[in-house]
Every structure is written in structure tokens, then in C-alpha cells.
Amino acid sequence: MLKKKKWLKLSLLSLLAVILLAGCGGGNDSEKAEEGGGKGKEKDVLAQVKEKDKIVFGVKNDTRLFGLKNPSTGEVEGFDIDIAKALAAEILGDETKVEFKEVTSKTRMALLNNGDIDAIVATMTITEDRKKEVDFTDVYFDAGQSLLVKKGSDIKGIDSLKGKKVLAVKGSTSSINIREKAPEAQVLEFENYSEAFAALKSGQGDALTTDDSILYGMADEDPSYELVGGTFTEEPYGIAVKKGNAEFVEELNKALKSLKDSGKYDEIHDKWIKH
């Protein structure tokens with residue numbers, strides 16, 4: 001009998017301990033859910049942008065005319081940069097309410113989906129495959145893929161790439177397209193445009209392929225190179241945001257329309273794109 005009473009006493013104490021622990025744990029979970037918004041209750045990107053009063057844009061630092069770091073000032077300059085500032089002015093009332101983080105064609109979507117950046121403005125072509133991973137704004141720039149070669153090269157266009165080495169950038173649509181359009185060419189990939197252009201100049205390849213808008217910047221940098229063969233794809237650029245943020249996309253589209261209606265877009269375009 002005594003043993004039975006002891007057993008009952010121990011059981012009751014154990015039950016009380018479980019109840020107390022559950023109560024404490026429940027409170028902590030509730031607090032965590034309140035602090036973090038809980039799973040599925042994360043604030044949308046537009047709300048975060050307005051709360052911090054700043055937009056964090058992912059931009060390229062190695063793409064002349066669109067996003068290139070000026071070594072003398074340390075600032076990134078170009079068409080994409082000025083568009084991003086103008087969007088911030090439209091949405092937050094001040095073009096200085098921006099932060100720029102460097103991305104490459106390979107890293108940009110991961111940085112966006114991890115929440116490191118709010119939007120990508122980085123010569124990013126809208127494609128059906130990418131639409132499965134991110135949401136895009138309306139087209140803000142129309143480009144087309146082309147070829148950059150040393151002046152005097154026997155490469156005159158896409159049809160003269162058989163047996164040639166063509167340089168491209170990892171994670172870009174250009175790399176995919178060139179394999180489809182010129183299957184008998186050898187494709188060498190690099191991390192970014194600076195590396196690819198340096199490789200072309202050092203003789204590691206016969207041509208470099210990407211969007212004509214980017215290649216024009218390289219030709220401006222070194223006039224001994226030229227674009228050949230016109231364009232062989234359509235490359236509509238869009239601003240990418242994390243999937244499921246329709247309100248942010250709508251806000252960016254309204255801002256883009258305002259820039260075009262006011263003439264600000266043309267002003268930025270003519271400042272950087274002279275071809």
C-alpha cells in the first residue's frame with residue numbers, strides 16, 4: 001500500500017512538471033511567433049521596405065553602362081543604378097533611400113530568395129523558367145544577344161562559330177542560348193563579365209557573347225573590339241522580386257510608368273545608352 005502511494009505521488013509530481021514545462025514552452029513559442037511573424041506570416045517585402053524606409057537593390061559591379069564600380073570614388077554607376085535611385089524616389093520620396101549590394105548572374109536569385117536584397121536590377125532577362133522562381137516587373141529595357149570579337153576577326157556572326165571558343169558568364173541566359181544557337185562551338189564560362197572580357201583580351205577565346213547592351217560597354221572600354229552579326233535573341237530586362245510579392249511588383253510598375261511618363265526614363269537612357 002505504501003509503495004502504491006509513493007508511486008501515485010511520483011506520478012502526480014511528474015504530471016505537474018510536464019504541465020509547467022509545456023506552459024513555459026508555449027509562452028516562448030508564442031513570443032517567437034509574435035517576434036518573427038510566425039511561419040507563413042512573414043511581412044511582405046513592400047511592408048519591410050516601408051518600415052526600414054530603404055530599398056536594398058542587387059546590382060552588378062562589373063557591367064559597364066549598367067552597373068560598374070568607379071575605382072576613383074568606390075561608387076557603382078550606370079543605367080541600372082540610376083533607374084534604381086529613381087524608383088526609390090518614386091516609392092519612398094528620396095533617391096538616396098537605397099542600398100546597393102553586388103550580385104552576379106550566378107548569385108542574384110539566391111540572394112533575393114534568402115532576403116539579402118529586396119529587388120534585382122541587374123540586366124536580368126525575363127524568362128519562363130525564371131518566372132517559376134521569382135516575380136518580375138514590366139520590361140524596363142530591351143536588349144538582344146550578340147557577339148564581341150577583336151576587329152579583323154573572321155567571325156562575322158552566329159553562323160561562323162563552328163570550332164570556335166566562345167566565352168560566356170555562368171548563370172546567364174547567354175550561356176544557354178549560345179549552346180542552342182551554335183552547338184558546334186566550345187563554350188567557356190566565367191564568374192562575371194570582367195573575367196570573361198579579360199579572357200577574351202588574353203586570347204582564351206575567339207568571341208564573347210552576352211546582351212548587346214553589355215557588349216557595347218566593353219567596346220567603349222576597348223575600341224579594338226566590335227560587335228558583329230547583329231542580335232540573335234530578344235532579351236527583355238525586368239526587375240525581379242521574391243515570389244508572392246504582388247504588391248511590391250505593382251508599386252515598382254507604377255514607379256516605372258511614372259518615370260516613362262515624366263521623361264525621366266529617357267533622360268537616364270540617353271545618359272548611358274548611346275547606341
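Analyst: For residue classes, Ala, Val, Leu, Ile, Met, Phe, Trp, Tyr, Cys and Pro count as nonpolar, Asp, Glu, Lys and Arg as charged, and the others, Gly among them, as polar. The model is predicted, so local features need pLDDT of at least 70 and side-chain atom pairs pLDDT 80 or more, while totals for chains, interfaces and linings use all residues. Residues are numbered from 1 along each chain as its sequence is written, and side-chain values use heavy atoms, without hydrogens or water.

User: What makes the second largest cavity a cavity, and what is its volume?

Analyst: On a 1 Å grid over the protein atoms alone, a cavity is a set of points where a 1.4 Å probe fits but cannot get out, and its lining residues have an atom within 4 Å of a point. The volume, the space filled by probe spheres set on the points, is about 40 Å³ for this cavity. A search of the whole structure finds two cavities of 30 Å³ or more.

User: What volume does the largest cavity have, and which residues line it?

Analyst: The volume of the largest cavity is about 50 Å³. Arg108, Thr123, Thr125, Arg130, Ser172, Thr173, Ser174, Tyr193, Thr210 and Asp211 line it. α6 and β12 (207-211) are the elements giving two or more residues to this lining. By class, the lining has one nonpolar, six polar and three charged residues. Tyr193 therefore lines both cavities.

User: What makes the largest pocket a pocket, and which residues lie nearest its centre?

Analyst: A pocket is an open set of points with protein on both sides within 12 Å along at least five of seven lines. The largest pocket has a volume of about 330 Å³. Its lining has 17 residues, and those nearest its centre are Thr127, Asp129, Arg130, Thr173 and Ile176. At least two lining residues come from each of α4 (108-113), α5 (128-131) and α6 (173-181). The lining divides into two nonpolar, seven polar and eight charged residues.

User: Why are α7 and α8 called oblique to each other?

Analyst: Helix α7 (residues 193-201) and helix α8 (residues 212-221) pack at an angle of about 50°, with axes 12 Å apart. Angles under 35 degrees count as roughly parallel, over 145 as roughly antiparallel, 65 to 115 as roughly perpendicular and the rest as oblique. The pair α7 and α8 is therefore oblique.

User: Which residues make the contact of α7 with α8?

Analyst: Tyr193, Phe197 and Lys201 of α7 meet Ile214, Met218 and Glu221 of α8, contact being heavy atoms within 4.5 Å. Four of these residues are nonpolar, none is polar and two are charged.

Technical notes:
Axes fitted to C-alpha atoms, helices over the stretch in contact; angles between N-to-C directions. Helix = DSSP H or I, 4+ residues; strand = E, 2+ residues; numbered from the N terminus.
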